[in-house]
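Reader: I am new to this. Please take me through one part closely: the aromatic rings and how they pair.

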Amino acid sequence: MNPLACCPEYFVRPAILTNWINPAWKLPEVCNITEAQAFTDLLTSKYASLQSRWQETKRKLIANPALPGLEFKRWNNTGYWSIRVNDNFRVHLRPVEKSLGTWIAEEFGDHKSMGHG
């Protein structure tokens with residue numbers, strides 16, 4: 001007889017996940033994204049073909065920052081966060097101080113120029 005067959009098995013499902021996982025792991029809320037003037041200028045000139053892709057990415061980020069395709073993550077302890085626009089381009093954002101859920105997009109570029117390798 002298998003000695004483990006006598007052991008009871010339990011499945012525990014927490015009512016509130018943050019009771020088990022430190023809330024520091026929770027992604028920050030994103031309610032609104034504004035764009036710095038330099039960001040807007042760059043997007044309308046050099047990267048004009050990616051404007052609609054950025055708008056779609058922005059919409060998804062506001063709807064659910066945890067979507068895996070967005071790869072929303074802190075960027076090198078700089079106060080910035082990084083988000084994936086497509087396979088080759090990223091945006092760096094930072095939260096606006098003393099606001100709840102308002103972010104400002106400041107940098108737009110390809111992975112290499114943004115320091116992502």
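Author: Here is a walk through the aromatic pairs.

This is a predicted model, where local features need pLDDT of at least 70, side-chain atom pairs count only at pLDDT 80 or more, and totals for chains, interfaces and linings use all residues. Residues are numbered from 1 along each chain as its sequence is written, and side-chain values use heavy atoms, with hydrogens and water left out.

The structure holds eight aromatic pairs. Rings of Phe, Tyr and Trp (its six-membered ring) pair if their centres lie within 6.5 Å; planes under 30 degrees apart are stacked, over 60 edge-to-face, and the rest tilted.

Take Phe39 and Phe108. Their pair is edge-to-face, at 5.8 Å centre to centre and 70 degrees between the planes. Phe39 sits in helix α1 (residues 37-45) and Phe108 in strand β5 (residues 102-110), so distant parts of the chain are linked, 69 residues apart. Helices (H or I, at least four residues) and strands (E, at least two) are DSSP runs, numbered from the N terminus. Both Phe39 and Phe108 are buried. Buried means under 20% relative accessible area, exposed over 50%, partly exposed in between (1.4 Å probe, protein chains only).

Now Phe72 and Trp103. Their ring centres are 5.5 Å apart and their planes at 65 degrees, so this pair is edge-to-face. Phe72 lies in the loop between α2 (51-63) and β2 (73-75), and Trp103 in strand β5, so the pair ties together parts 31 residues apart in sequence. Phe72 and Trp103 are buried.

One aromatic cluster is formed by Phe39, Tyr47, Trp54, Phe89 and Phe108.
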